[in-house]
Amino acid sequence: MGLIRTIALVVLSISFVVFVALFGRLPIFRRTPIAFLHQLLWRHIPNGFVAVDERLTGRRISRSLSRTGNYLMNEKHPVVLIFFVILQVVGEGLFVPAAWDRLSPLQKVVTPCLVVAPLWFLYLCATTSSNITRQNHRSCMLAYPYDFALFHPGYFCSTCNFAKPARSKHCPICKACIQKQDHHCIWINNCIGRNNYMWFNLLLVATAVLLAYGASLGYLLLDARLQERFVPAALTRGSVSVKRWSTRFNWGDYWHCWAWAVSVEWKIGSVMLLAMMTFPLAVGFLVYHVYLIWAGMTTNESAKWSDWKEDILDGVVYRARIEELRETYPRLPADVEPREEEVMWPRAARARWWLVRMNDGRQPTVKPKVDESRGRAGADEGGEYKEVPDERWARVHSLREVENVYDLGFWGNLRDGMLNRG
């Protein structure tokens, strides 16, 4: 019992800390204990450690740890990827040989496929690039329309020195602009973008299925071992029903029996417990990305929409119809703002509204049209006309008033995410 409890507590604690570290800053967890724990983990605890280290060693330890952490989190390196592969390979190397002789013919066919699938999808994720280059820049510009909310035409990447396509983002770790950038994943040492998003989701599915299969198979094998020990087949031969080994056991004895099984079959037992404890984390990743597909957005866009929501609540967001603004803001050159008919996106899904943030919360202004026949009436002492509120702009009161042109419905979003690759 003590062994199982210790392993379970350690794995659960690690899984929870990883969950908080990775998901704590998502918009859904704002103003929740998860967000507080995320701040505690990434800000308050490090700041407290630095304060103590500054008094004791003049910050020598914290500087060394900072350099190490910066390398692990903000540099392109294979350390975490190698750890991920080793963890999976070692677990499979312990479990499969120990269980192989007890597998059914069907399980002997299924098991190798489930073992290889995550490694194969991991390889495809890590080696498939979504980088925007000079050669593919034009096709990236034509992949998605600008929505005039999250992405506006006319912006140039200061590092890559070319116009930023809609839904793209520059990754400082990959040192490149990424097509339909979702996030940079340290587990695969690569950015998740337009070209490998399908492989990433298949990796999540394959990993979740493998963990579920390993946990259930381990349970069945250890349960059979307990059945064989406490209720030998010879004792029930000829019986109409087979007596279960756990019959008449109290909870204490029941868990002691499982602790014995794990200690005897430690290769199967340890991997089974690890799979059981990490399965919720893998499912959490998968469910979140299914939600993103349903909502028609990426992780990067989810954070941007959250910022818009906060600004709307603050009353500083205005919108105007794009067609009404063209007199003031004409189209940019075609190499910066592609024509609508050139963009490979459903014509019905185009931006109709232009969104702006006003730091002072006031309605955007415009210089009034001058009627020269009336002279300089209405001008100030310098002969300039004062700007007046632009009636084309109206305050946005709810995020529901804002259209997401990238949301084609779940099946349309799924087709785009899986099949629309550069």
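Analyst: A search of the whole structure finds 12 salt bridges. The term covers a side-chain nitrogen of Lys or Arg within 4 Å of a carboxyl oxygen of Asp or Glu. This is a predicted model, where local features need pLDDT of at least 70, side-chain atom pairs count only at pLDDT 80 or more, and totals for chains, interfaces and linings use all residues. Residues are numbered from 1 along each chain as its sequence is written, and side-chain values use heavy atoms, with hydrogens and water left out.

Start with Asp-416 and Lys-180. Their side chains meet in a salt bridge, with N to O at 2.9 Å. Asp-416 lies in helix H13 (residues 410-419), while Lys-180 lies in the loop between strand E2 (176-178) and strand E3 (183-185), so the pair ties together parts that are 236 residues apart in sequence. Helices (H or I, at least four residues) and strands (E, at least two) are DSSP runs, numbered from the N terminus. Both partners are buried: Asp-416 has a relative accessible area of 8%, and Lys-180 has 12%. Buried means under 20% relative accessible area, exposed over 50%, and partly exposed in between (1.4 Å probe, protein chains only).

Next comes Glu-337. Arg-326 forms a salt bridge with Glu-337, the closest N and O atoms being 3.0 Å apart. Arg-326 sits in the loop between helix H12 (322-325) and E6, and Glu-337 is in the loop between H12 and E6, so this pair ties together parts 11 residues apart in sequence. Arg-331 also bridges to Glu-337, at 3.1 Å between the closest N and O atoms. Glu-337 is buried at 4% relative accessibility, whereas Arg-331 is partly exposed at 33%. Elsewhere, salt bridges that share partners join Arg-167, Lys-180, Glu-301 and Asp-416 into one network.

Now the sheet. Three strands form an open sheet in the order E6-E5-E9, with antiparallel pairing. E6 and E9 stand at the edges with a single partner strand each, so one side of each lacks a neighbour in the sheet. Strands pair if DSSP finds at least two bridges between them. E5 (residues 317-321) has 5 bridges to E6 (residues 353-357) and 2 bridges to E9 (residues 394-395). Tyr-318 stands opposite Val-356 in E6; Arg-319 stands opposite Ala-394 in E9. In E5, 4 of the 5 residues are buried, so the strand is largely enclosed by the rest of the structure.

Last, the charged surface. Arg-59, Arg-60, Arg-63 and Arg-67 form a positive surface patch. Patches are made of residues with over 30% relative accessible area and no salt bridge; like charges are joined within 9 Å, nonpolar side chains (Val, Leu, Ile, Met, Phe, Trp, Tyr) within 5 Å. Arg-59 lies in the loop between helix H2 (33-57) and helix H3 (60-74). Arg-59 is partly exposed, at 32% relative accessibility.

Methods: Accessible areas come from the Shrake-Rupley method with a 1.4 Å probe; for residues, only the protein chains shown count as cover. Lys and Arg count as positive and Asp and Glu as negative; His and the chain ends are not counted. The place of a charge is taken as NZ of Lys, CZ of Arg, CG of Asp or CD of Glu.
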